[in-house]
Amino acid sequence: MARRNKNETMLLSKEEAEPMRGWILLDANGKTLGRFAAEIAKVLRGKHKTTFTPHVDSGDGVVVVNAEKVKVTGNKEAQKEYHRYTGHIGGGRKTTYRAMMEKKPTEILRLAVKGMMPKTKLARAQMKRLRIFAEDSHTLQAQKPVQVDV
């Protein structure tokens, strides 16, 4: 670790954080969208580790399975809308939660996690280590993700 003086805060350097990185496997089956996305954002940033340093990318990679089985509470399924902009005049588009769940169920969870991350270059780099799969299987066996129950 970088500093060991008892009166100073331990700060991790970029080189020290790299070998400590791992992969975590999370199952979204029956989980509430916002609470689950907050846990994913915490792991991506590295806040679950005692060596958390805000300006260093020390978070773990996250593999999410069963993204199509995530739940929302209340009337959000009928009322929630996703907005995007095409870049042209009058190009605002709205998509409902139900329509998004039919077309791209993984995008719902990715957008929820993205909204909980800081809007920085570091957070964009951390988001690249988020892999979301709609079904129960995934293609990241080589990373040896550790199954964790949230």
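Start with charge: colour the side chains of the protein chain and you will find 30 positive and 16 negative ones, with the centres of the two sets 6 Å apart. Here Lys and Arg count as positive, Asp and Glu as negative, and His and the chain ends are left out. Each charge is placed at NZ of Lys, CZ of Arg, CG of Asp or CD of Glu.

You are looking at a predicted model: local features need pLDDT of at least 70, side-chain atom pairs count only at pLDDT 80 or more, and totals for chains, interfaces and linings use all residues. Residues are numbered from 1 along each chain as its sequence is written, and side-chain values use heavy atoms, without hydrogens or water.

**Stop 1: the whole chain**

Switch to cartoon view. The protein chain has six helices and six strands. These are DSSP runs, numbered from the N terminus: helices are H or I with at least four residues, strands are E with at least two. Trace the chain along its sequence and the pattern reads α-β-α-β-α-β-β-α-α-α-β-β. The C-alpha atoms fill a box of roughly 55 × 40 × 30 Å along the principal axes.

Now show the surface. Its accessible area is about 9600 Å², and 50% of that belongs to carbon and sulfur atoms. Such areas come from the Shrake-Rupley method with a 1.4 Å probe; for residues, only the protein chains shown count as cover. Of the 150 residues, 39% are buried. Buried means under 20% relative accessible area, exposed over 50%, and partly exposed in between (1.4 Å probe, protein chains only).

**Stop 2: the largest core**

Select Ile40, Val64, Leu109, Val113 and Leu130. Among the 28 residues of the largest nonpolar core, these touch the most other members. Elements giving two or more residues to this core include strand E1 (23-27), helix H2 (33-45), strand E2 (61-65) and helix H5 (105-116). The largest share, seven residues, comes from H2. A nonpolar core is a set of buried Ala, Val, Leu, Ile, Met, Phe, Trp, Tyr and Cys residues joined through side-chain atoms within 4.5 Å.

Zoom in on Ile40. Beyond four places in sequence, Ile40 touches Leu26, Val62, Val64, Leu109, Val113 and Leu130. A contact means heavy atoms within 4.5 Å. Next, find a second, separate core of six residues, including Leu25, Val63, Phe133 and Leu140.

**Stop 3: His138**

Select His138, in the loop between E5 and strand E6 (146-147). Is His138 buried or exposed? His138 counts as buried because its relative accessibility is 15%. Its side chain reaches the backbone nitrogen of Leu140 at 3.1 Å. Leaving aside neighbours within four places, His138 is in contact with Leu25, Val63, Val65, Phe133 and Pro145.

**Stop 4: Trp23**

Move to Trp23 in strand E1. Trp23 has a relative accessible area of 18%, so Trp23 is buried. Its contacts beyond four places in sequence include Gly61, Val62, Arg129, Gln143 and Val146. Trp23 and Leu130 are 107 residues apart along the chain, yet their C-alpha atoms are separated by 9.6 Å.

**Stop 5: two positive phi angles**

Most residues other than glycine have a negative phi. Select Asn66, in the loop between E2 and helix H3 (76-79). Phi of Asn66 is positive, near 60 degrees. Asn66 counts as buried because its relative accessibility is 4%.

Finish at Lys144, in the loop between E5 and E6. Phi of Lys144 is positive, near 50 degrees. Lys144 has a relative accessible area of 67%, so Lys144 is exposed.

Notes: Polar contact = N/O pair within 3.5 Å; in protein donor to acceptor, adjacent residues only side chain to side chain.
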